[in-house]
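Please view the sequence and the model side by side while reading.

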Amino acid sequence: MTDLNTNPIGEIEAIAVVEDPRSQWWDVWDQFKTHKGAVLGLAFFVLVILLVLVGPHLWTIAPNHIDIRAKNQGMSLAHPMGTDQLGRDTFAQMLSGGRVSLAVGVVAMALSLFVGTLVGVLAGYFRRIDGLLMRFTDLFLALPLLPLLLVIIMLFRDTLRAAFGPETGIFILIVFVIGITSWMQTARIVRGDVLALKQQEFVLAARSIGTPPHRMILRHVLPNVMSPIMVSATLGIANAIITESALSFLGLGFPSDFPTWGRLLFDSTNFMSLHPARVIWPGLAISLTVLSVNYMGDGLRDALDPRIRGR
Amino acid sequence: MLDDGKRPLVRVRNLKMHFPIYRGVMRRQVGEVRAVDGISFDIYAGETLGLVGESGCGKSSAGRAILRLYDVTDGEISIDGNEIAHLAGDELRRLRPEMQMIFQDPQASLNPRMTVAAIIAEPLDEHQTLSRNARMERVFELMDAVGLNRNFANRYPHEFSGGQRQRIGIARALALNPKFIVCDEPIAALDVSIQAQVVNLLEDLQEKFGLTYLFISHDLSMVRHLATRVAVMYLGKVVELADSAQLYGDPKHPYTEALLSAVPEPDPTLENTRERIILEGDVPSPSDPPEGCNFCTRCPRVMDICRRESPEFKQLEDGRFVACHLM
């Protein structure tokens with residue numbers, strides 16, 4: 001390099017500034033944006049959340065307002081999604097039902113993910129408690145779910161209702177019951193991945209540095225088992241929404257005048273041949289929400305992996 | 001031991017690393033793999049001790065046990081006067097900065113989800129409280145020291161070649177200014193052209209920072225080039241320990257002789273006259289070592305006493321150590 005001014009390469013090198021370390025979340029977001037399905041899914045999910053949060057304030061017909069003369073109507077301006085056999089507005093029911101269904105789905109998923117990941121990571125990482133925790137997991141897998149749910153709900157429904165009011169009490173109960181009975185698959189998958197990960201040399205390297213176990217798990221183990229956790233999470237929301245509707249159907253969930261998507265779907269099945277639209281709306285809402293969450297999870301999983309995340 | 005004013009930085013005495021074997025429905029312990037079975041040596045400050053031997057002889061286990069990545073079965077390890085063989089928890093953690101390790105597989109030894117800067121800064125985060133800027137300054141300093149472009153700080157390990165990854169691993173090992181570094185076959189996974197670069201880098205760093213190396217390798221020529229003294233391991237035991245020139249010029253132990261006879265000669269005329277000592281049979285299982293000398297099942301010069309008594313690891317007049325009944 002004789003003369004910087006006549007040598008473009010030299011000049012660029014001379015003014016090259018060392019990049020500051022930037023948060024990897026910007027890289028993650030940049031990659032997430034390139035995944036079309038994920039962006040669409042995110043947009044749809046945000047839209048649904050906005051609808052169920054803001055919608056009831058704009059669409060002022062009460063979901064349980066009975067107008068028997070307007071029963072079993074089709075789509076119209078007054079009732080965009082029609083009405084049911086008691087003349088209740090389906091759109092209003094969908095909006096307030098979505099609130100409950102989404103809340104149950106997200107919270108139950110979070111709970112089952114938390115328990116599953118915790119048990120899986122502890123069992124995989126600490127050899128001493130592995131056997132105990134995995135037998136515990138097997139125990140939960142072997143439990144007959146329905147009788148268990150019946151017993152739990154029989155035992156605790158009235159106590160919780162008295163303590164938190166009928167709706168919150170049932171909400172807590174259902175979220176707890178769904179969360180506590182669906183963490184086992186996550187735990188098993190995570191444990192397997194942690195076991196494989198523990199043999200990697202970078203974990204040994206971290207130990208030679210003196211990284212204590214809790215930071216080892218947070219820094220080295222958890223980010224590397226993100227993919228299976230993501231998949232479990234996206235499947236978990238769908239699973240929770242559907243389980244909630246099944247529980248409501250059995251009369252174990254929310255009271256019958258309290259709409260949720262699953263409840264609406266089951267109430268409509270009797271009228272399916274006469275008014276197919278009534279089944280289609282809640283079905284569509286559940287399927288599209290689950291689909292959007294799946295796409296989001298897919299995009300997020302790709303975005304979190306630096307090997308897939310191109311520069 | 002050798003009383004010529006050199007200060008031993010690392011003292012290993014009768015180090016044993018046995019891994020239990022569990023079998024059956026009840027997972028009962030039915031035996032143990034004696035990966036390292038009573039080794040003793042000193043490493044002097046500023047020198048490179050080469051540790052050679054065939055696959056499975058316990059070289060890597062020894063290296064890891066010395067850094068206390070395993071809970072050792074028995075023995076003493078002292079580094080710079082601190083006895084660490086049976087320390088645990090915080091006491092051990094405080095001494096970690098003194099001793100670091102460079103790993104064999106540069107692909108596997110770097111967390112794929114962390115940036116280069118985060119990987120090199122991890123030891124700093126664990127043991128020092130630096131401001132953000134001071135930390136980045138130190139990371140850049142280390143990247144300069146190992147010959148990495150500063151612009152790579154935000155990249156991820158998969159974007160690098162093997163040699164560059166090994167440089168990242170070396171930078172991480174240097175971050176806390178250690179005195180003693182265990183190099184666990186650091187060049188075995190690299191191309192030959194890159195091997196020379198990394199070895200030269202290790203030599204430069206040793207000179208610059210006054211490092212002491214335990215260089216574990218099965219590449220006898222590389223160890224000859226790099227090491228001040230060389231220890232030869234066979235089935236969990238050190239059979240011979242001597243100055244590099246002594247060991248390569250005049251091996252005393254029959255196993256060392258056999259091992260060295262396997263090194264190819266670059267000169268074709270000499271290569272044709274090279275006499276290889278071919279050992280009979282296989283290495284016995286470390287879970288069931290033979291009675292007496294570990295090498296007695298394959299030794300070309302085996303005697304009766306070898307099958308009964310384990311030879312003592314003793315010092316000869318010229319300062320070297322050999323464990324053999326012939327001496």
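## Two helices in contact

In chain A, helix 4 meets helix 12: Gln93(A), Met94(A), Gly97(A), Gly98(A), Ser101(A) and Leu102(A) on the helix 4 side touch Trp261(A), Gly262(A) and Leu264(A) on the helix 12 side. Sorted by class, this contact of helix 4 with helix 12 of chain A holds 4 nonpolar residues, 5 polar residues and no charged ones. The model is a predicted one.

Two packed helices are described by the angle between their axes and the distance between the axes. For helix 4 (residues 90-125) and helix 12 (residues 261-268) of chain A, the angle is about 125 degrees and the axes are 7 Å apart. The two helices of chain A are therefore oblique to each other.

## A sheet in chain B

Chain B has an open sheet of 4 strands in the order 2-1-4-5, with antiparallel pairing. Strand 2 (28-44) and strand 5 (82-83) of chain B are the edge strands; each has a single partner strand, so one side of each has no neighbour in the sheet.

Strands of a sheet pair through backbone hydrogen bonds, either parallel or antiparallel. Strand 1 (residues 8-23) and strand 4 (residues 74-79) of chain B pair in the antiparallel sense, over 5 bridges. Val12(B) is opposite Ile77(B), a residue of strand 4 of chain B. Helix 1 (residues 59-66) of chain B packs on the sheet and touches strand 1, strand 2 and strand 4 of chain B. The direction of this helix makes about 115 degrees with that of strand 1 of chain B.

## An aromatic cluster in chain A

Over all chains, a search of the whole structure finds 11 aromatic pairs. In one of them, Phe136(A) and Phe140(A) have ring centres 5.1 Å apart and planes at 70 degrees, so the pair is edge-to-face. Both residues lie in helix 5 (residues 127-142) of chain A, 4 residues apart, which is about one turn of the helix. Phe136(A) is partly exposed, at 39% relative accessible area, whereas Phe140(A) counts as buried at 16%.

The rings of Phe136(A) and Trp183(A) have centres 6.0 Å apart and planes at 25 degrees, so this pair is stacked. Trp183(A) is in the loop between helix 7 (166-180) and helix 8 (184-198) of chain A while Phe136(A) is in helix 5, so the pair ties together parts 47 residues apart in sequence. Trp183(A) counts as buried, with 1% relative accessibility. Together, Phe136(A), Phe140(A) and Trp183(A) form one aromatic cluster.

Technical notes: Residues are numbered from 1 along each chain as its sequence is written. Chains are lettered from A and ligands numbered from 1 in the order in which they are written. This is a predicted model: local features need pLDDT of at least 70, side-chain atom pairs count only at pLDDT 80 or more; totals for chains, interfaces and linings use all residues. Side-chain values use heavy atoms; hydrogens and water are left out. Axes are lines fitted to C-alpha atoms, for helices over the stretch in contact, and angles run from 0 to 180 degrees between N-to-C directions. Angles under 35 degrees count as roughly parallel, over 145 as roughly antiparallel, 65 to 115 as roughly perpendicular and the rest as oblique. Contact means heavy atoms within 4.5 Å. Ala, Val, Leu, Ile, Met, Phe, Trp, Tyr, Cys and Pro count as nonpolar, Asp, Glu, Lys and Arg as charged, and the others, Gly among them, as polar. Two strands pair if DSSP finds at least two bridges between them. Rings of Phe, Tyr and Trp (its six-membered ring) pair if their centres lie within 6.5 Å; planes under 30 degrees apart count as stacked, over 60 as edge-to-face and the rest as tilted. Buried means under 20% relative accessible area, exposed over 50%, partly exposed in between (1.4 Å probe, protein chains only).
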